[in-house]
Amino acid sequence: MEKIIVKTDGAVSEILIGMKWESAGELIPVSGTAIITDHNVNRIYGERFPDLPVFQVKPGEASKKIEVIESLAERLIESGIDRNGFLLGIGGGVVSDITGFLASIYMRGIKCAYVSSTLLAQVDASTGGKNGVNLGSTKNVLGCFKQPEFVICDPLMLQTLPEEEYLSGLSELIKTAIIGNAKLFEIIENNYEGIMKRDPQLLTMLISMAVNFKASVVSEDEKESGLRRILNFGHTYGHAIELYKSFRHGYAVACGMELSSGFSLARGYITDEEHGRITGLLRRFKLLRPHMIPADLVSQLIMRDKKKSGNDIHFVFIEGIGQAVTEKIPLTEVVKYYLQEKAEN
Ligand code: ADP
Ligand code: ZN
């Protein structure tokens, strides 16, 4: 088991990796706690939940909306959860987003914690304290920063995850390696079988390395003013592709990383060999899919990414495997590279 402490201005939270998820019951207050989960997770794991009120949402991104928050809040009131209440979210990123957002506004804020049950949530969503719900098709536009008391990442829960969901999470793990940890990248390259088999010990190590890196970034830059931007590697193109093709997040980000790596090569930041290793790894895990956004839509879809400021974008390049750098460049250049790349292939 590995314990990683995330310290930010407002709070300290503990990420517990390789801990049995059932231990959550011992870490939460015995009264005034409610569980938020989704139907799939409840079906597989619900019987072993602590004996507490359980509120379920429908699985999937569509549950991340203000109406769902409103109806959950009503149910918390009905079950007598007050200002001293506590929410335990058990599920993937959708559940932690909903739980964190609800906990941060209910009665002006109550405590919360997560059991993260998807690889994406374990390596990414549950560290950093960002949460949010969507407004129409604009993602995460209503949300805030709320550090959970603890997050349990139990790799055994990943055994029941559908293959697409698992690989989508792996993409975000590879992202962390590319921007911050060359050793992690190498371990992923050398452990294809173990990763595909979802070996719990290997996963505990990989998730710990990814969370350690994210925790160090977030501790230095909780509110995303500078350093934290590097976590968006692959996401400028990725979000546009996700909007256009409706791929799962990790697959869209993988395509975005392929493009961003190519863009880094074109600007002389990395070598051909480094670019080859990156695309090779993404291809090996079958994360790359065709996407061809029509020319007149590319800039529109990239503009929807709320990380832009004016007509410029803080674009994340890599200077080598394990080293990211951001550069403020005109949106037109980002669009131009996409179209040029697509025209060549
Ligand atoms: P993400 O963490 O990728 O944002 P979601 O919260 O949308 O993901 O979860 C992805 C899907 O996987 C949902 O349908 C969810 O119900 C399901 N799911 C979550 N955790 C597990 C698990 N451990 N086993 C099986 N299915 C799961
Ligand atoms: Zn992401």
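**View 1. Buried residues of helix α4.** Val 94, Val 95, Ser 96, Asp 97, Ile 98, Thr 99, Gly 100, Phe 101, Leu 102, Ala 103 and Ser 104 of α4 are buried (under 20% relative accessible area, with a 1.4 Å probe and protein chains only). The model is predicted: local features need pLDDT of at least 70, side-chain atom pairs count only at pLDDT 80 or more, and totals for chains, interfaces and linings use all residues. Residues are numbered from 1 along each chain as its sequence is written, and side-chain values use heavy atoms, without hydrogens and water. Helix α4 covers residues 93-105 (helices are DSSP runs of H or I, at least four residues, numbered from the N terminus). Its 13 residues reach 18 Å from first C-alpha to last, close to the 18 Å expected at 1.5 Å a residue (1.5 Å times one less than the number of residues). Just after α4, Met 107 has a positive phi of about 50°.

**View 2. Helix α6 against helix α9.** The axes of α6 (residues 163-180) and α9 (residues 200-220) come within 10 Å and cross at roughly 55° (lines fitted to C-alpha atoms over the stretch in contact, with angles from 0 to 180 degrees between N-to-C directions). Contacting residues (heavy atoms within 4.5 Å) include Tyr 166 and Leu 173 of α6 and Leu 203 and Phe 213 of α9.

**View 3. Helix α7 against helix α9.** Helix α7 (residues 182-190) packs on α9 at about 155°, with the axes 10 Å apart. This makes α7 roughly antiparallel to α9. Lys 183 and Ile 187 of α7 are among the contact residues, as are Met 205 and Met 209 of α9.

How values were computed:
Chains are lettered from A and ligands numbered from 1 in the order in which they are written. Helices (H or I, at least four residues) and strands (E, at least two) are DSSP runs, numbered from the N terminus. Buried means under 20% relative accessible area, exposed over 50%, partly exposed in between (1.4 Å probe, protein chains only). Angles under 35 degrees count as roughly parallel, over 145 as roughly antiparallel, 65 to 115 as roughly perpendicular and the rest as oblique.
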